[in-house]
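I opened this entry to work through one model.

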Amino acid sequence: MPFDDSTHGYSIDRLIYVIHIFMILLFVGWLIFLIYSLIKFRQRPGHKVIYKENHFKAPTYIEVAVAIFELVLLVGFSFPVVHHVRAMFPPQKDALEIRVVAEQFAWNIHYPGSDGIFGKTNLKLISSTNPVGLDRDDPNAKDDIVTINQLNIPVHKPIVVKLSTKDVIHSFSIPVMRVKQDVIPGQVIPVWFEAKETGNFEIACAQLCGLGHYRMRGFFNIQTPEEFNAWLAKNAPKPKPKPAPHPAQPAPVATPPVSVSTVGTAAAPTTGH
Ligand SMILES: [Cu+2]
């Protein structure tokens, strides 16, 4: 298992271990039975095949025991984990909400900025320099931060990531957070996690989403709250510089218009001779 840095990771890991131990037991049990049958019922002189059904009690008991154990796995282990990880979202006031918009082939990561409110986005504003279509005229958007393939979070704080995609199905995967969620066109899917320790890790796209799939490697940095705030401040949009007042200058001397036909043949000014 990869390093587990999330508060809920142990419950997922435990479930995976229990299922694997159970599968190993089943595999070994069936293998022993298969080898036993191959030897016991092999063709040999003095033994004839009997085409008659025999009813044994033992297989029925074993089958029932396996079914009961699977039910325990499902109800006792899986349901609580799924409930905790997928339904018990942290209260909004305690969590940091981040939007992640997937596209071929990048993760666009949108932070609400210091006001904690996401600015409006608009499909029509999406461009190569504005990958999430943020409306910078919206007052709430003024402090919003958008990064590409760079997800920074503070440690010991619940993080809610709202996942969406511009094009195809991607899969948002952070192994150290035990998070893997398909990102579906037309849907906004929330996931949450909380980091236990600081460190630098990676985001992967876990669905083959096209030729550039491999490029959807993102960087996932878990920072101390101080480092995170400093990072936010560093990446905050700079206020637009006010246009400098026009200095009182004489109007530039208008150059005489050059007609198109003379451009190629116009002689260079002969000043300085
Ligand atoms: Cu992808």
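I looked up N149 and found it partly exposed, because 17 C-beta neighbours lie inside 10 Å and a buried residue needs 20 or more. I am working from a predicted model. N149 sits in the loop between β3 (145-148) and β4. Its phi is near 60°, positive in a residue other than glycine.

I then turned to R178, in the loop between β6 and β7. Phi here is near 55°, again a positive value in a residue other than glycine. Is R178 buried or exposed? R178 counts as buried, because it has 23 C-beta neighbours inside 10 Å.

I also checked the peptide bonds. Q104 and F105 are joined by a cis peptide bond, with omega about 5°. I placed F105 in the loop between β1 and β2 (106-111). For context, I noted that most residues other than glycine have a negative phi, and most peptide bonds are trans.

**Fold**

I counted three helices and 10 strands in the protein. Along the sequence I read α-α-β-β-β-β-β-β-β-β-β-β-α.

I traced an open sheet of five strands, ordered β4-β10-β9-β6-β7, with mixed pairing. Which strands stand at the edges? They are β4 (150-154) and β7 (179-183); each has a single partner strand, so one side of each lacks a neighbour in the sheet. The twist averages 20° from one strand to the next.

F172 stands opposite C205 in β9.

Next, the helices. Helix α3 (residues 225-235) lies across β4 and β10 (218-223) and runs at about 135° to β4. Helix α1 (residues 9-40) has 32 residues. From first C-alpha to last, α1 reaches 46 Å, close to the 46 Å expected at 1.5 Å a residue. I found α1 hardly covered, with two buried residues among its 32.

**Core and contacts**

I asked which residues touch the most other members of the largest nonpolar core. V100 and F172 do, in a core of 33 residues. Strand β1 (residues 96-103) gives the most to this core, with four residues.

I listed the contacts of F172, leaving out residues up to four places away in sequence: V100, A102, L163, V179, Q181, V183 and I203.

I closed with the totals. Buried residues make up 19% of the 273 residues in the protein. Of the contacts between residues at least 6 apart in sequence, 67% join residues at least 24 apart.

Methods:
Residues numbered from 1 in each chain as written. Predicted model: local features only at pLDDT ≥ 70, side-chain atom pairs only at ≥ 80, totals over all residues. Pairing = 2+ DSSP bridges. Axes fitted to C-alpha atoms, helices over the stretch in contact; angles between N-to-C directions. Contact = placed C-beta atoms within 7 Å. Expected span 1.5 Å × (residues − 1). Buried ≥ 20, exposed ≤ 12 C-beta atoms within 10 Å, placed from the backbone. Core = buried A, V, L, I, M, F, W, Y, C linked by C-beta atoms within 7 Å.
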